[in-house]
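Please consider the structure below with attention to its charged side chains.

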Amino acid sequence: MPEPRQSLLLDDVPVRQQQKQHDLPPVPPPAGYTRLTNRALISIAGADSTSFLQGMVTQNMLMGKEPVRAPRRTGCYSAFLNAQGRVLHDVFIYPMPPGSSSSSSSSSDGAASGDDPAWLIEVDKAEVTNLLKHLKKHKLRAKFTMRALDDGERSVWASWNDEAEPRWAAYNLESDLPSPFSPSSPIAGCVDTRAPTLGSRFVTPGTDDLRTHFPDESKLPGKEVPLATYNLRRILHGVAEGQGEIIRESALPMECNMDMMQGIDFRKGCYVGQELTIRTHHTGVVRKRILPVQLYNGGQDAARFIETPVYDPTTELPLPPSGANISRVSAQKGRSAGKFLGGVGNVGLALCRLEMMTDIVLTGEGSQYSPLQEFKVSWDDGVEEGTPTPHAASEGEVKIKALVPPWVREYILAGGARNSNSSEGLRARDMVEQLEEEAADRERS
């Protein structure tokens, strides 16, 4: 009887199970843009559309102070939760000009006039039907219409420039500056607040290239790149997206870093799933978070991986499937250290227990972390949790190291959302002053 296999590291994995170099995208360029064909749009328009969304999502749909409050004028990152406070859908929500073609609908769900508020909800394309069912379940007698936009009706884009933050980012931080788009513009957008330098999000009419709407190279630097390149860049920033990585009805919003991504307003009124979210916020302890991870084999030194992953497009490491458990190397079977969510080549995302896989200490109870302890992901054909990861090997084992980007570490050590409002306010004020100075310079010239 043959001896059982002790390891399925790189040398043991059949070639057909390893990721091939030509399957992997190149290193992302410092500036570029991508058409997000994996995302879809749902239109919601009508007199009660804003108040309905206000009671459904984690973000605040109303700006200003009582008693004068108005619907927000720019897009935002947000989420729909279930009643137990678990994430159903991660979304971007964009305001649209009243009477726009996207807000019109022949549905009998309600009536929307040309002057009523209109919104576009950007969601994982595979989740459109589920989100529509969720919205209809809570609609009751609210007056609005909703429908899924057809392919080609509008396009969703991501754009970035590592050397410059979008000049209208201050508006996204609740300043009084007007939107960069005119009130009648068919283009919607927002700053992608999920990580520094992640860029901007745009929704444009039709299928024309984004360059058609932004011909000025200074406003849209770089060239169009494939979706795989955008996904790689997002993973390198530690940002999960869609229900392939943010497993539906599994993770809490703060475990998905939605608090530090400005996707949760802790000052707004009631919404579905608010109770557990607020309770977690007040305790100030989030023991698990999604982090970028480095995959490597037994011959590599994990100590050289510090804060952010090092991507190698020539890697031949096997890629674990989504949902595979993370455990200690050379340790008896015990508590799981986390779950692998998805990846590209030798980098990925995982839901990690912070005090087990990183040096972050959350409470006075003591940390389980040891700098010498290594972790691994092992899997076989029996892994059925989550959803299949593209290019995942049917069985294998690979070592994994959780990395804490500087902005994540700074946020956690500063006490999270309870203490971050002041720094964001100072950042907004500085950017507002800079934009006001630029406007004054233009007037003088």
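In this predicted model, Asp162 and Arg233 form a salt bridge in which the closest N and O atoms are 2.4 Å apart. The two residues lie 71 residues apart, and the pair links distant parts of the chain: Asp162 belongs to the loop between strand 9 (154–161) and helix 3 (169–172), whereas Arg233 is in helix 5. Asp162 has a relative accessibility of 37% and therefore counts as partly exposed. Arg233 is buried, with a relative accessible area of 5%.

A further salt bridge joins Glu127 to Arg248, with 3.4 Å between the closest N and O atoms. This pair also connects distant parts of the chain, 121 residues apart. Glu127 is found in the loop between strand 7 and helix 2 (128–139), and Arg248 in the loop between helix 5 (227–236) and helix 6 (274–283). Here Glu127 is buried, at 10% relative accessible area, while Arg248 is partly exposed, at 29%.

The side chains of Arg201 and Glu122 likewise meet in a salt bridge, at 2.7 Å from N to O. Arg201 lies in strand 11 (residues 200–205) and Glu122 in strand 7 (residues 118–124), so that this pair links distant parts of the chain, 79 residues apart. Because the limit for a buried residue is under 20% relative accessible area, Arg201 at 0% is buried, and Glu122 at 0% counts as buried.

Both of these residues belong to a network of salt bridges that links Arg39, Asp90, Glu122, Asp192, Arg194, Arg201 and Glu241. The count of salt bridges comes to 20.

Definitions and conventions: Residues numbered from 1 in each chain as written. Predicted model: local features only at pLDDT ≥ 70, side-chain atom pairs only at ≥ 80, totals over all residues. Heavy atoms only, no water. Salt bridge = Lys/Arg side-chain N within 4 Å of Asp/Glu carboxyl O. Helix = DSSP H or I, 4+ residues; strand = E, 2+ residues; numbered from the N terminus. Buried < 20%, exposed > 50% of the residue type's maximum accessible area, 1.4 Å probe, protein only.
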